[in-house]
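Here's a quick walk through the inside of a protein model, with an eye on helices and aromatic rings. Have the structure open as you read.

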Amino acid sequence: MTWLAVAKKDFRDAVQSRALWALVGVFVVLSVVSTYAYVEVPEMFGSPAGATVGGLIFFTVGLTGLFVPLAAIVVCYKSLAGERELGSVKLLLSLPTDRLNVFVGKVVGRAAVLAFGLGVGLVVGLGFGSAMLGDLEFLPMLVFVLVTLAFAGVYAAIVVGLSATTGSTSRATTLALGFFVVFELLWDVVPMAVLYVVEGFTFPAEIPDWVFLITQLSPSSAYFSTVVALLPDLAGAVGADPAQAGAGVEVTPAEADPFYVSPEVGIVVLALWLLVPFAVGYYRFAAADL
């Protein structure tokens, strides 16, 4: 049984359950409502000059940066921990397959479920926004959708990797929620806390460049920076700044010399968030006593 067969089975199971359709419904509604609100009252959402397609894209980045982690937790936290808790993983491994195929299939299958739900919601929301604005910028929208689907794949790898480290669904839930709280809710204060300690429990007059790199270690900040790096013209037009995605640190790529103070660093960080949880999760799953 190959990883592709495991992934297809996982996706079919999701299609037959209510989880996938609930995910699609929630994101379609959220996407349409938020798009309508942005187009009708752009001043409230950071576009005082009026609503534009670029402004809509970066406004939606903020929503998906929060929605994707939460959706990934709901869809992925039981992927392997649940199978181990029920004992069904032993039945799965009794087929002609191995743990690597099972792990890869779970990551790909859950990523496909997330990507399907997000893809439908984004297409409906952006199409609705384009119709209201009377403007269609196909290439930037396509880039944004592809980066968002890649972000969903990264989060699927993170949560499935966490699920692979334990045979308890309650522990998997705790790990996934802990990751979300630390890296998505509290990460804004981490760079400043590190700076405070490094500088001898005081804040310097100027923020060092390396603080920007720490802000980018949050997956959603790296996702925001990746969109800025790939759509620099739109980001410049709407004033999207990667420094605003983290701790609000006054370090901007244009003013800094080091190579790591640039939006492109977000692409590298996202790649690491894909590879490291994947490697750690598989290592723990391969070594687990099932």
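Which residues are buried in H11? In this predicted model, they are Pro219, Ser220, Ser221, Ala222, Tyr223, Phe224, Ser225, Thr226, Val227, Val228 and Ala229. That makes 11 of the 12 residues of H11 buried, so the helix is largely enclosed by the rest of the structure. As for what does the covering, the list includes helix H3 (53-76), H7, helix H8 (169-185), helix H10 (210-215), helix H12 (232-238) and H13.

Now for the nonpolar side of things. The largest nonpolar core has 69 residues, and Ile57, Phe58, Leu114, Phe144, Tyr155 and Tyr223 have the most contacts inside it. Helix H7 (residues 138-163) gives the most to this core, with 14 residues. Take a look at Phe144: leaving aside neighbours within four places in sequence, Phe144 touches Ile57, Thr60, Val61, Leu122, Leu126 and Tyr223. Tyr223 is also one of the buried residues of H11.

Tyr223 turns up again in an aromatic cluster, together with Phe151, Tyr155, Phe179, Phe183, Trp187 and Trp273. Trp273, for its part, is among the buried residues of H13, along with Val265, Gly266, Val269, Leu270, Pro277, Gly281 and Phe285.

How many aromatic pairs does a search of the whole structure find? The count is 16. One of them joins Phe103 and Phe278: the ring centres are 5.1 Å apart and the planes sit at 75°, which is over the 60 degrees needed, so this pair is edge-to-face. Phe103 belongs to helix H6 (residues 99-133) and Phe278 to helix H13 (residues 265-287), so the pair ties together parts that are 175 residues apart in sequence.

Are the two partners buried or exposed? Phe103 counts as buried because its relative accessibility is 0%. Phe278 is partly exposed, with a relative accessible area of 26%.

There's one more ring to find. Arg99 lies over the face of Phe285, 5.9 Å from the ring centre. Phe285 is itself one of the buried residues of H13.

Conventions: Residues are numbered from 1 along each chain as its sequence is written. This is a predicted model: local features need pLDDT of at least 70, side-chain atom pairs count only at pLDDT 80 or more; totals for chains, interfaces and linings use all residues. Side-chain values use heavy atoms; hydrogens and water are left out. Rings of Phe, Tyr and Trp (its six-membered ring) pair if their centres lie within 6.5 Å; planes under 30 degrees apart count as stacked, over 60 as edge-to-face and the rest as tilted. Helices (H or I, at least four residues) and strands (E, at least two) are DSSP runs, numbered from the N terminus. Buried means under 20% relative accessible area, exposed over 50%, partly exposed in between (1.4 Å probe, protein chains only). A charge sits over a ring if NZ of Lys or CZ of Arg is within 6 Å of the ring centre and within 35 degrees of the ring normal. A nonpolar core is a set of buried Ala, Val, Leu, Ile, Met, Phe, Trp, Tyr and Cys residues joined through side-chain atoms within 4.5 Å. Contact means heavy atoms within 4.5 Å.
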